[in-house]
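User: I'm new to reading protein models, and I'd like to learn feature by feature. Could you walk me through this one?

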Amino acid sequence: MPETASLVTDPLVEFRNVHFGYGERAILSDVSLSVPRGKVTALMGASGGGKTTVLRLIGGQQMAQGGEVLFDGKNVGAMDMKALYAARRRMGMLFQFGALFTDMSVFENVAFPLREHTDLSEELIRDIVLMKLNAVGLRGARDLMPSEISGGMARRVALARAIALDPELIMYDEPFAGLDPISLGTAAQLIRQLNDSMGLTTIIVSHDLEETFRLADHVIILGAGTIAAQGTPDEVRNSSDPLVHQFVNALPTGPVPFHYPGPAVADDFGPVGGVSGGRS
Ligand SMILES: Nc1ncnc2c1ncn2[C@@H]1O[C@H](COP(=O)(O)OP(=O)(O)OP(=O)(O)O)[C@@H](O)[C@H]1O
């Protein structure tokens, strides 16, 4: 595998030669990666490269068609429903960072997973909710409704909800998308703080190169269905892989194609009669 200078011992998540596709279309081919415990790992790569798919494989929402996805040493693909639910309880996932229940207060949004998954007393739930809201700086906003808070605040409430059950792993899909520079800096700082203070392992899928390279301990670049590089931000930045070079330097030309795979130009725009899939 290319560019694996930094060795990861005892990873919390590991992919071993994973293959995955939707129908005929291969998305991941022979992907092997390691997510170190207690660290912030950034998963980056061109759009449509399969980053969200990697998160879905870890959470068991999709199953690998070849190879193994290991969470804490156990093969997610071989788990029965009970084991899978138990594993998922150890993961916090923020697939849509701001997706709150609009008819519930901030407090009730954060209390929701505790009410769903535990038999804790109201008093304990109150303490935990306020503690989690305090961790994201929103203890004072507990009685507000989602419509009364800003988008950046909504993301922090969603984050408080994701950590309500004290997960070991937290996965963020595009946490910085659409944030102004100040909110983005706050979000990045919060992700780092929560990772370190709660002893979490964090995976973050992000397109924001600068902020993500600053934040992450470990970077994995996914390209052309496989791992183009993984290691510390510096190791990845200095990678000789052409795809990684294109990516970290944000170059418009290089191995990452502009076009989604499809018929050849000549087939689509050729002489009348040579068109496939168009109107005759
Ligand atoms: N349910 C699905 N059925 C069929 N194809 C899908 C499905 N979900 C995703 N895909 C395709 O799989 C590929 C990888 O998707 P994925 O969302 O994992 O990429 P990504 O790297 O997260 O992209 P982005 O950075 O744009 O969010 C995409 O080309 C997408 O069109």
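User: Let's begin with M63: where does M63 sit?

Analyst: To place a residue, we ask which helix or strand it belongs to, or which ones it lies between; helices (H or I, at least four residues) and strands (E, at least two) are DSSP runs numbered from the N terminus. M63 is in the loop that links α1 to β4 (66-71). This is a predicted model, in which local features need pLDDT of at least 70 and side-chain atom pairs count only at pLDDT 80 or more, while totals for chains, interfaces and linings use all residues. Residues are numbered from 1 along each chain as its sequence is written, and side-chain values use heavy atoms, with hydrogens and water left out.

User: Is M63 buried, partly exposed or exposed?

Analyst: Buried means under 20% relative accessible area, exposed means over 50%, and partly exposed is in between (1.4 Å probe, protein chains only). M63 has 32% relative accessibility, so it counts as partly exposed.

User: How far is M63 from F20 in sequence and in space?

Analyst: Here we set two kinds of distance side by side. Along the sequence, M63 and F20 are 43 residues apart, while their C-alpha atoms are 7.8 Å apart. A87 belongs to helix α2 (residues 81-89), and its relative accessibility of 5% makes it buried. Another case is T201 in strand β8 (residues 201-205). T201 is buried too, at 3% relative accessible area, and its C-alpha atom is 9.5 Å from that of M91, a residue 110 positions away along the chain.

User: How many aromatic pairs are found in the whole structure?

Analyst: For a pair, look at two ring centres and the angle between the ring planes. Rings of Phe, Tyr and Trp (its six-membered ring) pair if their centres lie within 6.5 Å; planes under 30 degrees apart are stacked, over 60 edge-to-face, and the rest tilted. The search finds two such pairs. F20 is buried, at 4% relative accessible area, whereas Y22 is partly exposed, at 40%. The other rings belong to F101 and F112: their centres are 4.7 Å apart and their planes are at 55°, so this pair is tilted. F101 is in the loop between β6 (91-94) and α3 (106-117) and F112 is in helix α3, so the pair ties together parts eleven residues apart in sequence. F101 is partly exposed at 32% relative accessibility, and F112 is partly exposed at 29%.

User: Which residue lies over the face of F101?

Analyst: A charge sits over a ring if NZ of Lys or CZ of Arg is within 6 Å of the ring centre and within 35 degrees of the ring normal. R161 does this for F101, at 5.1 Å from the ring centre.

User: Now the ligand, please. Which residues surround it?

Analyst: A residue is near a molecule if one of its heavy atoms lies within 4 Å of it. The residues around the ligand include Y22, R25, I27, K51 and H207. By type, this shell divides into three nonpolar, seven polar and two charged residues. Nonpolar means Ala, Val, Leu, Ile, Met, Phe, Trp, Tyr, Cys and Pro; charged means Asp, Glu, Lys and Arg; the others, Gly among them, are polar.

User: Last one: what is the phi of D30?

Analyst: Most residues other than glycine have a negative phi. D30, although not a glycine, has a positive phi of about 55°. It is in strand β2 and is partly exposed at 41% relative accessible area. E174 also has a positive phi, near 55°; it lies in the loop between β7 (169-173) and α6 (181-197).
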